[in-house]
Amino acid sequence: MRTALTEQVLRHDRLLTAGGLLAVVAAAWAYLFSGAGMMQDMDGMQMPMASGPWTFGYILLMLCMWAVMMAAMMLPSAAPMILLYARLARGHGTSLPSIFALGYLAVWTLFSIGAVALQLGLHQLALLSPMMAATNAVFAGLVLAAAGLYQWLPLKRACLQGCRSPLEFVLAHWRRGARGAFLMGLQHGLYCLGCCWVLMLLLFVGGVMNMSWIAGLALFVLAEKLAPAGVGIGRGAGLVLLGWGLATLSQAF
């Protein structure tokens, strides 16, 4: 039986982990809302910085922005998994939720590298506005339609199930120690990447610097993963996105 002291330690760990996650997420959103490094002063007004020139420093700035944005958008939906891991790890004599979270964020940092490379390609093709939103209806329509179709694919369903079932994931992938915590974080991050990578490409439709679009996508991801009706919400949104994409394509021709 658990003693009162054990319960107190577990409660303290949960509060510490939850507080750490909240601090990281809050700092990430604060960075995005401040437009740190992404806005320039023009006649006393803060305006979005145009895409380029693509110097090494600008590429690093874009990578930082994408990595912070992914942390802001994805960590809240991963919080139940991280909190469950912290609780079970303490029961095994360790508590390494920060290492688990680092493994999770490593996956989204790798995605960010790919996103920056894609952004550079779209910039060179003149398909993005200064707000980094699609300027070509065919491109926007294809991304919308692809995102809608993906919501109904078996791969999406399997990855979403992995994200929505923390206990199932832990039972299937439990590993001990710091290395195990990092590998578990990587594996859970891969589930989330498989679930949401096409949705993240919608940022190129609404604008990578459009905070309303970013917040809307983040809320959708949260609802899809955590709400009881999340699967239905995802499939319904898929139909909307598919219809939106086809309508956009029809107007382009």
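## A walk through a predicted helical chain

Alanine 126 sits in the loop between helix H3 (97–124) and H4. Helices here are DSSP runs of H or I with at least four residues, strands are runs of E with at least two, and both are numbered from the N terminus. The model is predicted, so local features need pLDDT of at least 70 and side-chain atom pairs count only at pLDDT 80 or more, while totals for chains, interfaces and linings use all residues. Residues are numbered from 1 along each chain as its sequence is written, and side-chain values use heavy atoms, with hydrogens and water left out.

**Two residues in one loop**

Phi of alanine 126 is near 60 degrees, a positive value in a residue other than glycine. Methionine 132 is also found in the loop between H3 and H4, and its phi is likewise near 60 degrees. What about their exposure? Alanine 126 has 58% relative accessibility and therefore counts as exposed, whereas methionine 132 is buried, with a relative accessible area of 0%. For these words, buried means under 20% relative accessible area, exposed means over 50%, and partly exposed lies in between (1.4 Å probe, protein chains only).

**The chain as a whole**

The chain has 10 helices and 2 strands, and along the sequence they follow the pattern α-β-β-α-α-α-α-α-α-α-α-α. Of its 253 residues, 44% count as buried. Taking contact to mean heavy atoms within 4.5 Å, residues 24 or more positions apart account for 77% of the contacts with a separation of 6 or more.

**The nonpolar core**

A nonpolar core is a set of buried Ala, Val, Leu, Ile, Met, Phe, Trp, Tyr and Cys residues joined through side-chain atoms within 4.5 Å. Which members of the largest one touch the most other members? They are Trp66, Met69 and Met73, in a core of 70 residues. Helix H2 (residues 56–91) gives the largest share of this core, with 19 residues. Leaving aside neighbours within four places in sequence, methionine 69 is in contact with Leu32, Leu203, Val208 and Ile214.

**Two helix pairs**

Axes are lines fitted to C-alpha atoms, for helices over the stretch in contact, and angles run from 0 to 180 degrees between N-to-C directions.

| Pair | Axis separation | Angle |
|---|---|---|
| H4 (residues 137–150) and H10 (residues 230–252) | within 7 Å | roughly 160 degrees |
| H5 (residues 154–164) and H9 (residues 211–226) | 8 Å | about 80 degrees |

H4 and H10 are therefore roughly antiparallel to each other, whereas H5 is roughly perpendicular to H9. The cut-offs are under 35 degrees for roughly parallel, over 145 for roughly antiparallel and 65 to 115 for roughly perpendicular, with the rest oblique.

The contact of H4 with H10 has 11 nonpolar, 5 polar and no charged residues. That of H5 with H9 has 4 nonpolar, no polar and 4 charged residues. In this count, Ala, Val, Leu, Ile, Met, Phe, Trp, Tyr, Cys and Pro are nonpolar, Asp, Glu, Lys and Arg are charged, and the others, Gly among them, are polar. Lys156, Leu160, Cys163 and Arg164 in H5 meet Ala223, Glu224, Lys225 and Leu226 in H9.

**A last stop at alanine 178**

Alanine 178 lies in helix H7 (residues 177–201) and is partly exposed, with a relative accessible area of 37%. Not counting residues up to four places away in sequence, alanine 178 touches Leu96 and Ile99. The C-alpha atoms of alanine 178 and leucine 96 are separated by 6.6 Å, although these residues are 82 apart along the chain.
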